Amino acid sequence: MPRPPRLLMLTNEPVRGWSQLKGFMNGYELLVDSAELSGLEIVSYRHGPAPEALQRVTDALRTSNAEIVMVLSAAVFPESANDFDQLSEALGDRCLVYWEGDPWGGRAKRMTQQTKWWAARADHIFSVAGPPQSDYLLDGRSGTVNFVPHTYCHLLFADCESEPPPPYWNAEACMIATNAARIPGLTGMPGSFGRRALAERMRRRVGESFRLRGAGWPAKWNIERIEFANQARFMRDAAIGVNWDHFPKHSAYGSDRLAISLIAGRPHVTTSHPQMDWIPGVEVGVFQEESPRAVVKRARELLELGDERIQQIGLEAHRWAAHRICHREAARHVMATVTDSVKPVDFEPWTNLPGPWSSAALRGPHPARR
């Protein structure tokens with residue numbers, strides 16, 4: 001019986017020290033522990049001058065005996081087409097997996113040339129969003145893009161994963177979001193204006209019992225930032241969570257706040273994206289709305305249900321999300337798509353994800369472009 005493949009992961013995050021990537025990497029380490037992968041090497045191209053990073057990654061590609069190479073969100077690496085040719089030559093004929101964990105689009109966040117280079121070279125592409133993002137990644141070529149949703153970190157949020165939410169809270173509603181709409185209606189990314197409108201409406205309608213955290217809000221609002229590792233506990237201190245995503249028209253997309261809110265065990269009112277059938281809805285506390293105004297209306301309806309009913313909905317969210325929509329299962333899903341040595345995830349949402357998506361140039365215009 002042939003040995004399982006070895007994986008070389010190239011990342012823009014620091015490998016040493018605590019980071020958001022820790023749990024992401026651990027999902028693949030667990031596949032090594034179960035002997036479904038024979039080994040894992042991780043190389044960062046984030047630190048040091050660009051020539052040093054290029055040489056570090058090139059050397060790793062040339063010396064590693066990994067059969068699969070996985071590149072994570074390489075938006076700015078390498079610097080030039082010649083550098084990419086050097087990396088491509090060192091890669092050889094090995095299987096290349098490209099994982100894109102950011103949404104792209106609009107004038108403020110156009111997909112970078114580096115991202116397109118890696119996607120064009122990849123044998124397998126994974127993205128946290130479908131069309132039109134999948135169209136940007138394929139850029140008119142044949143091929144497909146596989147969907148992988150944002151998941152919660154089972155290491156950072158281990159306590160919330162193992163403990164049901166408490167039956168009490170100190171605020172009626174909360175929201176964690178960065179404000180990119182410094183000049184409302186003129187600046188920011190797709191969805192920025194709706195996000196700001198949601199925050200303003202919640203502040204008016206809920207008042208001091210609405211808690212907002214994140215960067216970029218007006219100074220007079222006096223809004224604090226929040227550490228990523230504290231997000232689930234912050235959400236547990238409110239009865240419900242609300243959100244308005246950037247890129248609200250991206251298919252199947254949900255920011256990582258969706259998974260974190262569910263593991264926190266609180267009802268979550270958020271953006272209704274196309275092709276969101278992959279996640280259960282109101283039965284697990286996910287309320288998808290078409291506009292910021294509708295989010296506020298739904299939030300007020302939920303708050304009128306009373307504490308006992310809100311807690312019951314939150315418990316259903318936690319029961320569904322725990323050990324399910326996490327980095328462990330995301331790693332298994334990705335690798336099971338790439339190699340037969342990894343057993344697929346056999347429960348939802350992994351069994352009913354949308355996609356894979358082909359290029360719009362091959363399947364006809366995307367509805368948004370007609």
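Q: In which loop is the place of Pro-349?
A: Keep in mind that you're looking at a predicted model. Glu-348 and Pro-349 are joined by a cis peptide bond, with omega near 10°. Follow the chain around Pro-349 and you'll find helix H12 (327-338) on one side and strand S12 (357-358) on the other. So the place of Pro-349 is, by the DSSP runs, in the loop between H12 and S12.

Q: What is omega for the cis peptide bond that joins Phe-77 and Pro-78?
A: Pro-78 is found in the loop between strand S3 (68-72) and H3. The bond joining Phe-77 to Pro-78 is cis, and its omega is about 0°.

Q: Is Ala-35 buried or exposed?
A: Start with the backbone: Ala-35 isn't a glycine, yet its phi is positive, about 65°. Its spot is the loop between helix H1 (21-33) and strand S2 (39-44). The relative accessible area of Ala-35 is 52%, and the cut-off for that class is over 50%. Therefore Ala-35 counts as exposed.

Q: What is the relative accessible area of Gln-275?
A: Gln-275 has a positive phi too, near 60°, and is a residue other than glycine. Look for Gln-275 in the loop between strand S10 (268-271) and strand S11 (286-289). Gln-275 is partly exposed, and its relative accessible area is 41%.

Q: Which residue lies over the face of Trp-221?
A: Trp-221 pairs with Trp-217 in a stacked way, 5.5 Å centre to centre and 10° between the planes. Both Trp-217 and Trp-221 are buried. At 4.1 Å from the ring centre of Trp-221, over its face, lies Arg-203.

Q: How many charged residues are in the lining of the largest cavity?
A: There are three cavities of 30 Å³ or more, and the largest holds about 50 Å³ of space. Its lining includes Phe-147, His-150, Tyr-253 and Trp-278. Sorted by class, that lining has nine nonpolar residues and three polar ones, while the number of charged residues is none, or "no charged residues".

Note on methods. Residues numbered from 1 in each chain as written. Predicted model: local features only at pLDDT ≥ 70, side-chain atom pairs only at ≥ 80, totals over all residues. Heavy atoms only, no water. 1 Å grid on protein atoms, 1.4 Å probe; cavity = no way out; pocket = protein on both sides within 12 Å on 5 of 7 lines; lining within 4 Å. Points joined across faces, edges and corners; volume = space filled by probe spheres on them. Nonpolar A, V, L, I, M, F, W, Y, C, P; charged D, E, K, R; others polar. Phe/Tyr/Trp six-rings, centres within 6.5 Å; stacked < 30°, edge-to-face > 60°. Buried < 20%, exposed > 50% of the residue type's maximum accessible area, 1.4 Å probe, protein only. Lys NZ or Arg CZ within 6 Å of the ring centre and 35° of its normal. Helix = DSSP H or I, 4+ residues; strand = E, 2+ residues; numbered from the N terminus.
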